[in-house]
Amino acid sequence: MARVDVHPNEWLGHPGLVRETYARLTAEGILLASLNEHGRLNPMTIGWCTFGAIWGRPMCVVLVRPSRHTYTCIERTGDFTVNVLPEALGQVPDYCGTVSGRSMDKLRHLELDTLPSKHISSSGIACANIVLECKVVHRNDAQEAAFPEEILASYYPGGDFHRVYFGQVLGVSVDEAFLAGVR
Ligand SMILES: Cc1cc2nc3c(=O)[nH]c(=O)nc-3n(C[C@H](O)[C@H](O)[C@H](O)COP(=O)(O)O)c2cc1C
């Protein structure tokens with residue numbers, strides 16, 4: 001599968017790439033991938049993620065609960081990739097969103113290859129249509145006192161408040177055939 005590098009500013013302004021990212025995000029989820037302490041790439045499904053220009057930079061913002069293995073990984077490396085898989089691989093986000101990489105090599109189980117990154121330590125996932133290479137430039141914790149009661153009751157009955165990672169998008173890799181088909 002040939003791949004094309006797209007400039008991060010061009011990615012933010014490309015309606016087809018942004019539309020596909022949101023479509024997958026709001027359907028089965030997309031994959032946040034980071035390296036664990038053994039240098040193994042760990043993918044975790046996310047449904048909460050926003051994009052835009054912040055501090056004059058193309059940014060991807062993700063929310064990770066401290067209970068996730070991914071939290072430990074990102075805290076260690078300070079970077080991550082965001083991977084948008086083809087719709088036909090919907091069973092992959094299902095699996096990566098229910099199994100923890102703490103005790104399991106998810107990519108090995110799924111027989112998926114990694115894609116070396118050009119700007120950060122964490123790799124991407126080779127079969128992804130879109131891979132964003134993100135470096136954490138800011139992080140912040142969701143604050144209990146700042147939430148209305150209904151959100152606390154729905155999303156935080158057991159605490160485990162998300163850490164919000166602001167990832168500057170340093171590189172974007174897109175599957176060539178996929179790119180040719182999106183407008
Ligand atoms: C559709 C879907 C979306 C999810 N979104 C998030 C999210 O945005 N943040 C989060 O912390 N966990 C989210 N999860 C839960 C994690 O993916 C799940 O707990 C995963 O097993 C954690 O993997 P890890 O322990 O290897 O990091 C989501 C799960 C699913 C199925």
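A: The buried residues of helix H2 (15-26) are covered by elements including helix H1 (8-12), strand S2 (30-35), strand S6 (79-84), strand S9 (130-141) and strand S10 (163-175), where helices (H or I, at least four residues) and strands (E, at least two) are DSSP runs numbered from the N terminus, and contact requires C-beta atoms, placed from the backbone, within 7 Å. This is a predicted model, in which local features need pLDDT of at least 70 and side-chain atom pairs count only at pLDDT 80 or more, while totals for chains, interfaces and linings use all residues. Residues are numbered from 1 along each chain as its sequence is written.

Q: Which residues of H2 are called buried?
A: They are Leu17, Glu20, Thr21 and Arg24, since a buried residue has 20 or more other C-beta atoms within 10 Å of its own, an exposed one 12 or fewer, and a partly exposed one a number in between, with C-beta atoms placed from the backbone. On the other side of H2, Pro15, Arg19 and Thr26 are exposed.

Q: Why are the buried residues of H2 said to line one face of the helix?
A: Seen down the axis of H2, the buried residues fall within an arc of 100°, so they line one face; the arc is that of the directions from the helix axis to the C-beta atoms.

Q: What makes the span of H2 agree with expectation?
A: The expected span is 1.5 Å times one less than the number of residues, so the 12 residues of H2 should span 16 Å, and the end C-alpha atoms are 16 Å apart, which agrees.

Technical notes. Two residues are in contact if their C-beta atoms, placed from the backbone, lie within 7 Å.
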